[in-house]
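Work through the exercises below with the sequence and the coordinates open. Each task is followed by a solution in steps.

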Amino acid sequence: MMLDLEGKFLVAKPTMRDARFRESVILILEHSRSHSMGLIINKPVHTPTPTELGKDFGIKTIKRQPNQYVFYGGPVGLNKVIVLHTPDWSAGSTTHKFNDEVWATNSKECLIACMEHGATGPSNFLMTIGQCQWSAGQLEAEILSRNGRLTTDAWLSTHLDPNTVFGMKYRNRWKKTVNKVAKEQFNRTFNHAVQTQ
């Protein structure tokens, strides 16, 4: 059974055992029968800084941006930069338009548009290095598998909220998203109980 996860948040449960993903909020960019790929959006890295990243890509004058970080997107491809951004800017075929509220681009053109002083880019963006990858069926196995009668302690999923990506302080993203999922699950259970009385 394939779950509908593309363009949704994958949130580490409070009981997540894998330290690499503890308290992570991951935006799933691709989810197909062959593989899945996502980006962690709440773990900034100390190096490279946005200024260092800009210099690496030949950007001379960097725009002043409040609270701008480079985020650890995941443990795979740590030399790859992917920018999540609002859909008011596109780099053509290098922009992955996986939903209506957040797009992803992996190009120097995007970094210049976001970072270079005087360049016109998306109104909001988030830069990541690295990504998370899963093989065919691996995410479903992690989400749906059971250990005895208990579901394994790995992931919750919920709908994407662009404010979580672009507006919310990164320190609040995991806690607020976990609370949102808990509230959704409570409401579903409560409504089901009321309907079956």
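**Exercise 1. Salt bridges and burial**

Task: Classify Lys-8 as buried or exposed, then find its salt-bridge partner.

Solution. The model is a predicted one.
Step 1. Lys-8 has a relative accessibility of 17%. The limit for buried is under 20%, so Lys-8 counts as buried.
Step 2. The partner of Lys-8 in a salt bridge is Asp-4, with 3.3 Å between the closest N and O atoms. The cut-off for such a pair is 4 Å.
Step 3. Asp-4 has a relative accessible area of 56%. Exposed means over 50%, therefore Asp-4 is exposed.

Task: How many salt bridges does a search of the whole structure find? Describe the one that involves Arg-20.

Solution. 
Step 1. The search of the whole structure gives two salt bridges.
Step 2. Arg-20 pairs with Asp-18 through their side chains, at 2.8 Å from N to O.
Step 3. Arg-20 is partly exposed at 46% relative accessibility, and Asp-18 is partly exposed at 26%.
Step 4. As background, side chains of opposite charge can pair when their charged atoms come close.

**Exercise 2. The loop between S1 and S2**

Task: Where does Glu-23 lie, and what is its phi value?

Solution. 
Step 1. Glu-23 belongs to the loop that runs between strand S1 (8–12) and strand S2 (25–31).
Step 2. Its phi is near 55°, which is positive although the residue is not glycine.
Step 3. The relative accessible area of Glu-23 is 43%. This value falls between the limits of 20% and 50%, so Glu-23 is partly exposed.

Task: Is Ser-24 buried or exposed? List what surrounds Ser-24.

Solution. 
Step 1. Ser-24 is also placed in the loop between S1 and S2.
Step 2. With a relative accessible area of 0%, Ser-24 is buried.
Step 3. A polar atom of the Ser-24 side chain lies 3.0 Å from the backbone oxygen of Phe-21.
Step 4. Once neighbours within four places in sequence are set aside, the contacts of Ser-24 are Leu-10, Val-11, Ala-12, Ile-40, Asn-42, Lys-43 and Trp-174.

**Exercise 3. A cis peptide bond**

Task: Find the state of the peptide bond from Thr-47 to Pro-48 and locate Pro-48.

Solution. 
Step 1. Omega for this bond is near 5°, and the bond is cis.
Step 2. Pro-48 sits in the loop between strand S3 (35–40) and helix H1 (50–56).

**Exercise 4. The second largest pocket**

Task: What is the volume of the second largest pocket, and which residues lie nearest its centre?

Solution. 
Step 1. The volume of the second largest pocket is about 250 Å³.
Step 2. Its lining comprises 13 residues, and those nearest the centre are Leu-156, Ser-157, Thr-158, Gln-185 and Arg-188.
Step 3. Strand S11 (155–159) and H5 each contribute at least two lining residues. S11 gives the most, with five.
Step 4. Sorted by class, the lining has five nonpolar, four polar and four charged residues.

Solution. 
Step 1. Ala-182 is partly exposed, its relative accessible area being 43%.
Step 2. Leu-156 is one of the residues nearest the centre of the second largest pocket.

Definitions and conventions
Residues are numbered from 1 along each chain as its sequence is written. This is a predicted model: local features need pLDDT of at least 70, side-chain atom pairs count only at pLDDT 80 or more; totals for chains, interfaces and linings use all residues. Side-chain values use heavy atoms; hydrogens and water are left out. Buried means under 20% relative accessible area, exposed over 50%, partly exposed in between (1.4 Å probe, protein chains only). Helices (H or I, at least four residues) and strands (E, at least two) are DSSP runs, numbered from the N terminus. A polar contact is a pair of N or O atoms within 3.5 Å; within protein, one must be able to donate a hydrogen and the other to accept it, and residues adjacent in sequence count only if both atoms are side-chain atoms. Contact means heavy atoms within 4.5 Å. On a 1 Å grid over the protein atoms alone, a cavity is a set of points where a 1.4 Å probe fits but cannot get out, and a pocket is an open set with protein on both sides within 12 Å along at least five of seven lines; lining residues have an atom within 4 Å of a point. Grid points are joined across faces, edges and corners, and a volume is the space filled by probe spheres set on the points. Ala, Val, Leu, Ile, Met, Phe, Trp, Tyr, Cys and Pro count as nonpolar, Asp, Glu, Lys and Arg as charged, and the others, Gly among them, as polar.
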